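Please study the sequence and the structure before turning to the solutions.

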Amino acid sequence: MKVQISKSTTINSVDFSSLSFGEIFTDHMFECDFENGEWKEPKIIPYQPIKMDPSTSVFHYGQAIFEGLKAYKDKNGQVWLFRPEENLNRLNKSAIRLSIPEFPKSFFLEGLKKLLTIDKNWIKPGVGNSLYIRPFVFASQAGVQASPSNKYKFMIICSPAKSYYSGETNVKIEEKYSRAAPGGVGYAKTAGNYAAQFYPTSLAIKDGFQQIIWTDSNTNRFVEESGTMNIFVKIDNTLITTPISDTILDGVTRKSILEIAKSLGLNYEVRQLSVDELVKSSINKSLKEMFGCGTAVVINPIKSFGFRNKKYTLPIIEDPISNFLKEKIISIQYNLSEDIFNWRYKIC
Ligand SMILES: Cc1ncc(COP(=O)(O)O)c(C=O)c1O
């Protein structure tokens, strides 16, 4: 791997106590090109703009995929990732669906190790501080032929992040617009999935919600997932989440919650959850908790959901399971507890 260290740093101009998500980037980036049927030698270079021909395929046909994970620093200054191989596996699943060549595991892990070691001063210790890592791949061939590109660029950029109190989350159960359809690309982390969410989400925001809960596109009767989170509910004493399908992103946080629940003998079910059941359980007060989960927030409790112009408010619970699960995950991420699942991945 070629490494070119930046002659200057912007770190001293960054106020780490007030960071907006995803606006500031570290001094270096990882880059690897696919050409003539293979991934070439990767390189780490100073963070900089990329120059592209206006006809470049990604602008026209959207062959673009990405991932999101975080690096955490413990109190001894050691840097850790949380299950990075899951992100690579998912990236490669997305790649196959979008006709993009799969990326080699060794390049990914070695690239992350090198990049994060070089930029480790950007990761501040302490729970809540992290470095958001954005690997992405796009079709980089010039030309507007509507066919898979024969050139791709894989890049990793990193942005210091702080976890904020995400505020009240009131979600709208969406019946008109769909995020994904069977046989489509819902399970892939491809750029277009997110672009297609912006408009319906902006309508929901106008109506006083912060997020949408997507339902299945065939019947609009079953809960799928949220904007960038998988969904759990707790009805009576049972945690319920919907099964992964070709319309739902296989979240690393969701997967981890299920493994923790299993290891602790908590009651949980992975099954379809109908909007009807959700409404009824709210009315008969058996619905105790509802939360979204994902890398960005770990777990985000939901305060209310809106369905057909009615608002259903979740009860205020003492010692919610969402807090308990969040603590469990965070303590593994920040090396504050034993890692019985072997999820921590040491960088340096
Ligand atoms: C659509 C969608 N669902 C769920 C998730 C949660 O996935 P993870 O826990 O891997 O961050 C994300 C975030 O990546 C997402 O974009």
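**Exercise 1. The shell around the ligand**

How many residues surround the ligand, and which are the closest?

*Solution.* Step 1: note the basis of the work. The model is predicted, so that local features need pLDDT of at least 70 and side-chain atom pairs count only at pLDDT 80 or more, while totals for chains, interfaces and linings use all residues. Residues are numbered from 1 along each chain as its sequence is written, and side-chain values use heavy atoms, with hydrogens and water left out.

Step 1: count the shell. The ligand is surrounded by 16 residues, where a residue is near a molecule if one of its heavy atoms lies within 4 Å of it. The closest are Lys189, Tyr194, Glu225, Thr253 and Thr295.

Step 2: sort the shell by class. It holds five nonpolar, seven polar and four charged residues. Here Ala, Val, Leu, Ile, Met, Phe, Trp, Tyr, Cys and Pro count as nonpolar, Asp, Glu, Lys and Arg as charged, and the others, Gly among them, as polar.

**Exercise 2. Atoms that approach the ligand**

*Solution.* Step 1: take the side chains. Arginine 90 places a polar side-chain atom 2.8 Å from an oxygen atom of the ligand. In glutamate 225, an N or O atom of the side chain is 2.5 Å from a nitrogen atom of the ligand.

Step 1: A polar backbone atom of valine 252 is 2.8 Å from an oxygen atom of the ligand.

Step 2: consider the cover. On its own the ligand has 380 Å² of accessible area, and the protein covers 96% of this; such areas come from the Shrake-Rupley method with a 1.4 Å probe.

Step 3: find the elements involved. Helix H5 (252-263) and strand S16 (287-294) are the elements that give two or more residues to the shell. Helices (H or I, at least four residues) and strands (E, at least two) are DSSP runs, numbered from the N terminus.

**Exercise 3. Buried or exposed?**

Are valine 223 and serine 304 buried or exposed?

*Solution.* Step 1: recall the scale. Buried means under 20% relative accessible area, exposed over 50%, and partly exposed in between, with a 1.4 Å probe and protein chains only.

Step 1: apply the scale to valine 223. This residue lies in strand S12 (residues 223-226) and is buried, because its relative accessible area is 5%. From C-alpha to C-alpha, valine 223 is 6.3 Å from valine 275, although the two are 52 residues apart in sequence.

Step 2: apply the scale to serine 304. With a relative accessible area of 0%, serine 304 is therefore buried. It belongs to strand S18 (residues 304-307), and its side chain makes a polar contact of 2.7 Å with the side chain of asparagine 170. Within protein, a polar contact is a pair of N or O atoms within 3.5 Å, one able to donate a hydrogen and the other to accept it; residues adjacent in sequence count only if both atoms are side-chain atoms.

**Exercise 4. Salt bridges**

How many salt bridges does a search of the whole structure find?

*Solution.* Step 1: the search finds 18, a salt bridge being a side-chain nitrogen of Lys or Arg within 4 Å of a carboxyl oxygen of Asp or Glu.

Step 1: examine one pair. Lysine 255 bridges to glutamate 86, with the closest N and O atoms 2.7 Å apart. This pair links helix H5 to helix H2 (residues 84-97), across 169 residues.

Step 2: examine another pair. In the salt bridge between arginine 308 and glutamate 175, the closest N and O atoms are 2.8 Å apart. Arginine 308 is exposed at 60% relative accessibility, whereas glutamate 175 is partly exposed at 28%.
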